[in-house]
Amino acid sequence: MNSDKHRPIGVRGNALIYILLALALLAGLTMVLSRGASTGGDDLAADQAELATTRMVAYAGSAKSAVDQMLMSGSQLSDLVLLRPNQVGFDAGSNIHKIYHPAGGGLAYKEPTSDIFVIAAGPPASGWYFTGETNVEWTPSTAADLIFVAYRIHMSVCENINRKITGSANVPALTVMDGLFLPTLDGGWGGTLDTAACAECEGYPSLCVANNAETDYIYYNIIEAQ
């Protein structure tokens, strides 16, 4: 028996509308997903870049809080151990001065995620770094400062953070190699971040810059200035 002939015409019409609406929504979702899959590593949507920026700045704030607590508890800047949990020696010896260790600063180490970083194995690999080997020219002394770095982030995130800091999406390019922002163990070599290396960085305690080849983007934050 065909029960449809006993079903009111209005009900069948509404069912057809719902089916067509579902198909339209499915087509729209497929288009969005396809567009997302086809975008390049540096072409995040504005809302994605904003969320990634917020997470990046929040983590840098957590890093500063952890270091500040250690210094208030008696550690000296020269005492701090910058080893990450995945590096040799992380659990060796005393842990009290290790920023990432639960017995030290207790900062939770975060693996790089694709919402913030263009993931690459390196070396140097994409990710978060502390470096205490570079002096920033516009800090109080010529001693090395403690700098927290997000290395190889999306260009759109880089532009977004600079827009918030300077009012412009312009990203200055370094005139030197990016080892300035990396610890020695990861290919860094220290030195001085000065106006010769980045004229547009002068006076900024945090900013996003491009490497000298303008292929990678680096967010730096001076955690402790000397």
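Mentor: From the N terminus on, the elements of the protein run α-α-β-β-α-β-β-β. This is a predicted model, and its secondary structure comes to three helices and five strands. Buried residues make up 37% of the 226 residues.

Trainee: Where is T131, and why is T131 called buried?

Mentor: T131 is in strand β1, residues 127-136. Its relative accessibility is 0%, and buried means under 20%, so T131 counts as buried.

Trainee: Which residues is T131 in contact with, apart from its neighbours within four places in sequence?

Mentor: T131 is in contact with L82, D145, L146, I147, L180, F181, L182 and P183.

Trainee: How many aromatic pairs does a search of the whole structure find?

Mentor: The search finds nine aromatic pairs.

Trainee: What makes the pair of W128 and F148 stacked?

Mentor: The ring centres of W128 and F148 are 5.6 Å apart and their planes stand at 10 degrees. Centres within 6.5 Å make a pair, and planes under 30 degrees apart count as stacked, so W128 and F148 form a stacked pair. W128 lies in strand β1 and F148 in strand β2 (residues 145-151), so the pair ties together parts that are 20 residues apart in sequence. Both W128 and F148 are buried.

Trainee: Why is the pair of Y129 and Y151 called edge-to-face?

Mentor: For Y129 and Y151 the distance is 6.2 Å centre to centre, with 90 degrees between the planes. Planes over 60 degrees apart count as edge-to-face, so the name applies to Y129 and Y151. Y129 lies in strand β1 and Y151 in strand β2, so this pair ties together parts that are 22 residues apart in sequence.

Trainee: How do you know whether Y129 and Y151 are buried or exposed?

Mentor: Y129 has a relative accessible area of 3%, and Y151 has a relative accessibility of 1%. The limit for buried is under 20%, so Y129 and Y151 are buried.

Trainee: Which residues do ring pairs link into a cluster?

Mentor: The cluster consists of Y59, Y100, Y109, F117, W128, F130 and F148.

Trainee: What makes K110 lie over the face of Y59?

Mentor: K110 is at 5.5 Å from the ring centre of Y59, and a charge over a ring must be within 6 Å of that centre and within 35 degrees of the ring normal. K98 lies over the face of F90 in turn, at 5.9 Å from the ring centre.

Trainee: Which residues touch the most other members of the largest nonpolar core?

Mentor: Of its 31 residues, these are M56, L107, W128, F130, F148 and I153. Two or more residues come from each of α2 (46-72), β1, β2, α3 (155-166), β4 (206-210) and β5 (217-224). The largest share, eight residues, comes from α2. A second, separate core of 18 residues includes V136, L193, L207 and I222.

Trainee: Which residues of α3 are buried, and what do they pack against?

Mentor: In α3, S156, V157, C158, N160, I161 and N162 are buried. The buried residues of α3 pack against α2, β4 and β5. The helix is followed by G167, whose phi is positive, near 90 degrees.

Trainee: Why is G203 called partly exposed?

Mentor: G203 has a relative accessibility of 49%. G203 is in the loop between β3 (191-193) and β4.

Trainee: What makes N212 partly exposed, and where is N212?

Mentor: N212 has a relative accessibility of 34%, so by those limits N212 counts as partly exposed. N212 is in the loop between β4 and β5. Leaving aside neighbours within four places in sequence, N212 is in contact with L174, T175, V176 and M177. N212 and M177 are 35 residues apart in sequence and 6.0 Å apart in space, C-alpha to C-alpha.

Conventions. Residues numbered from 1 in each chain as written. Predicted model: local features only at pLDDT ≥ 70, side-chain atom pairs only at ≥ 80, totals over all residues. Heavy atoms only, no water. Helix = DSSP H or I, 4+ residues; strand = E, 2+ residues; numbered from the N terminus. Buried < 20%, exposed > 50% of the residue type's maximum accessible area, 1.4 Å probe, protein only. Contact = heavy atoms within 4.5 Å. Phe/Tyr/Trp six-rings, centres within 6.5 Å; stacked < 30°, edge-to-face > 60°. Core = buried A, V, L, I, M, F, W, Y, C linked by side-chain atoms within 4.5 Å.
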